[in-house]
Amino acid sequence: MAKRRANGEGNIRKRSDGRWEGRYTAGYDPTTGKRIIKNVLGKTQAEVKTKLAKVLEESKDLDIVRAEEYTVTTWLRTWYDLYAKPNIRLATADRYQLMIETYTIPPEDMKAYLDAANARGLLPMFYLALVSGLRKGELVALLWDDLDIENKTIFVSKQYVRNPNGELTLSRPKTETSVRRISIPQEAVDLLIQEHSKHPDNQCMFPSPATGEMYHPDSVAKLHEKILKDANLEHIPLHSLRHTFATVALQNGIDVKTVSSMLGHYDAGFTLRTYTHATRQVQNHAAETMGNFMAQVM
C-alpha cells in the first residue's frame, strides 16, 4: 500500500517556463480521500524553498476535514496568505487584502454597537478600539501604566500574539513604526479611568474576569461577535474596528500621514493604497469646495 503523505509534505521542481514550483499536500478530501495538492511559485529554488516552508507551517492549522465549519472569510484569508500573497505584486496583494478584510461599522450603527458594549460592561475596551485603531493583540496587551492621563495618550509597545510555535506570547511589535504613542479623546481617558477603578490593583488595562490576566485575543473577538448580535448588526470581524477608525478619520479630514502613524503602518503609502475609498471621498469634497470657490471668483 502506498505511503500516505502527511499534511504539509512537499517537493520542489523547475518548470518548463523557467520558474521554480513547490508542491505540497494541504490535506485530504473527506469524501474521496484524495490528496489536495497546492503549490507556490518563484524565480529561484531558494525563493520557493522559503515560500514552501512558510506555507507548510501555516497549513498545519487548516484542517480540511473540518471544511464545512470554515466561513467564507476564513477560506479567503487562507487563500490570500498561502497562495495569493506569495505570488502576486505588492499593489495587487494590498487590493486583494482590502477586498477581503476591509469591512466597517456604518456611522448610523456605531451608537447601537457601543450601547450593546456598554450593556455588557465592555464599553471602555471597544470604545478605545474604535477611536484608536489598535490591533487586537495590542489592545489586550495594554497596561494601566501605558495611559498618560495628562497628555491623553496611550503607549503601544507590546502585543499579545502567537509565536511561530503557536503559543501566545507577550512581545514587542515586529516593526518600529508599530511602537507608538497614540492620542485619544478625553472621553476615552475617562472611560479607562472608570475601568481601572473596578480593579485598581491589577496592572492590566483590561483584565479578563475569568483569569485576572490579559484577555486571550480570540476571547475579545468572541465578545465583539456577541456585541454585534446584541445590537442586531451584521457580522464583521473584530479587525473591522481598526478599518472603521481609519476610514472615519480620513473621511473627516485627518491627513494620511497622521492616520498612518496612529495605525502603526510602515509608511503612509500603504495607508493611502489601503484606504483609497476613504481618501477619494475627501478629494471629492476638496474638489467641490474648490469648484464653489472658483464659481464665486468667476
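The largest cavity is lined by Ala 129, Leu 134, Arg 135, Lys 136, Leu 139, Leu 238, His 239, Leu 241 and Arg 242, in a model that is predicted. About 80 Å³ of space lies within this largest cavity, and the structure holds one cavity of 30 Å³ or more. Two helices, H6 (136-140) and H9 (240-251), each contribute at least two residues to the lining of the largest cavity. Sorted by class, that lining comprises five nonpolar residues, one polar residue and three charged residues.

The second largest pocket is a further space in the model, holding about 170 Å³. Its lining is made up of 13 residues, and of these Leu 122, Glu 195, Pro 207, Pro 209 and Tyr 215 lie nearest the centre of the pocket. The classes in the two linings are set out below.

| Space | Nonpolar residues | Polar residues | Charged residues |
|---|---|---|---|
| Largest cavity | five | one | three |

Is Phe 293 buried, partly exposed or exposed? With a relative accessible area of 46%, Phe 293 is partly exposed, because that class covers values between the 20% limit for buried residues and the 50% limit for exposed ones.

How values were computed. Residues are numbered from 1 along each chain as its sequence is written. This is a predicted model: local features need pLDDT of at least 70, side-chain atom pairs count only at pLDDT 80 or more; totals for chains, interfaces and linings use all residues. Side-chain values use heavy atoms; hydrogens and water are left out. Buried means under 20% relative accessible area, exposed over 50%, partly exposed in between (1.4 Å probe, protein chains only). On a 1 Å grid over the protein atoms alone, a cavity is a set of points where a 1.4 Å probe fits but cannot get out, and a pocket is an open set with protein on both sides within 12 Å along at least five of seven lines; lining residues have an atom within 4 Å of a point. Grid points are joined across faces, edges and corners, and a volume is the space filled by probe spheres set on the points. Helices (H or I, at least four residues) and strands (E, at least two) are DSSP runs, numbered from the N terminus. Ala, Val, Leu, Ile, Met, Phe, Trp, Tyr, Cys and Pro count as nonpolar, Asp, Glu, Lys and Arg as charged, and the others, Gly among them, as polar.
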